[in-house]
Amino acid sequence: MGTLTRDIGMLCWMAWSTTCPSLRFSVSSSLAHIAHVACRTRLETLPAHCLPYHELLGESYLKEKHWVYAILMAVMESLPVLYGRRTQDEILHSVLGKTYLGASSKLLDNLNDEIHTVDQALSSLQNYLAALTCGHYQVNEDSKVSRAESSACEMASWIYTTLNDDSPAFTWYVEDCRKLVNGQVASLNHKRTTWPSLAEYVGAIAEKSIGDVWIDIDLCQVDEVDSDTHLLKKSNEYIFKSSLLYDDVQDLTDDIETTSINSVLLLALERKIISEADLENLQPAQLKVLLQEAGIVDDIIHLADAFFLKGIYAFQDIETTEVDKKGLLYSFQLVRLFNFRKLLLAQRDRKTLKKVMASFSDLQSLRDTIPEEIGALVW
């Protein structure tokens, strides 16, 4: 997707959401612009021990769209959660913190999946955890890759400086950062052992999603936590777990090539559609066609939809008027729509378009499409 198309798409979504109290176009577009300028400025002035931003792009360790998209997603969720309770400058802190989370985690994921050995990846994750939770990390300038790792950790340390550590939600933030890293570690360790079951992946390894930390950054702006805060956190957790599964579908070819854990492959192994030998011997394109024809890809989309709906159901129980529920619903719909972008670009057919448009259907219609055995993993 080109820069112009991307920018137009972002503006169209903001314009469509302008009927929400917290997402008036003038507010959301202004906040996104300010965050964009601030983030670019900081990325272009990384410390000397880090790999410069232009080299991160040049080596394809990071793409500009990673943080640009993160800004849109952050603005569209932070405003409904914090609008009316915090100033624009305070909300900007949350937006930037979430943007740095998205960019740093993507950068480190790319290094760990494509370049690092398992041991190097495990070490980098512990360094990243220190940056997230303490604001400092071990600097290593031995190579271009180690400097790129420092760039990821530096961005993570910026998140720490945006947080109010006196907030009751700060404890959640620290716990969820540990859970995030432990999920990544579990995902890496599968390369040394047997493949986990799909249920194990859904229950534990899927914690590698940034979703819990993402919402914690907003909640660290809140003075008190109550039952509605817990529901908001839980609904966000399910939405982001669905996001991880949608990503598995979109990243299937890349994950086959890097032998990364992927829910599509796990379900195919469980159903004996493929064997572990097939993962080594068949070409990624062959495997992908095999999995599509067997309905495995569609079932993982159904599983993602089940988590998406569970998040919406939890969100609907929120009673507080301090959260813009209509705006937050639009935000969650944006997450699902965003996660179909690559799939739609790759498969421009009616079936895929129908899946995309289900983001805007009534919940029961979407639920009715989910097979019972898939829903049983979630409900």
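Analyst: Helix 11 is mostly covered, with 19 of its 24 residues buried. Bear in mind that this is a predicted model. The helix takes in residues 227-250, and its length checks out: at 1.5 Å a residue, those 24 residues should span 34 Å, and the end C-alpha atoms are 35 Å apart, so the two values agree. At its N-terminal end, helix 11 is capped by aspartate 226.

Now for the packing. Two packed helices are described by the angle between their axes and the distance between the axes. For helix 16 (residues 296-316) and helix 17 (residues 325-339), the angle is about 170° and the axes are 11 Å apart. Angles over 145 degrees count as roughly antiparallel, which is why helix 16 is called roughly antiparallel to helix 17. On the helix 16 side, the contact uses Asp305, Phe308, Ile312, Phe315 and Gln316. Facing them in helix 17 are Lys325, Leu328, Leu329, Phe332, Gln333 and Arg336. Sorted by class, that contact has six nonpolar, two polar and three charged residues.

Another aspartate, for contrast in setting: aspartate 119 lies in helix 6 (residues 118-134). Aspartate 119 has a relative accessible area of 52%, so it counts as exposed.

Terms used:
Residues numbered from 1 in each chain as written. Predicted model: local features only at pLDDT ≥ 70, side-chain atom pairs only at ≥ 80, totals over all residues. Heavy atoms only, no water. Helix = DSSP H or I, 4+ residues; strand = E, 2+ residues; numbered from the N terminus. Expected span 1.5 Å × (residues − 1). Buried < 20%, exposed > 50% of the residue type's maximum accessible area, 1.4 Å probe, protein only. Polar contact = N/O pair within 3.5 Å; in protein donor to acceptor, adjacent residues only side chain to side chain. Axes fitted to C-alpha atoms, helices over the stretch in contact; angles between N-to-C directions. Parallel < 35°, antiparallel > 145°, perpendicular 65-115°, else oblique. Contact = heavy atoms within 4.5 Å. Nonpolar A, V, L, I, M, F, W, Y, C, P; charged D, E, K, R; others polar.
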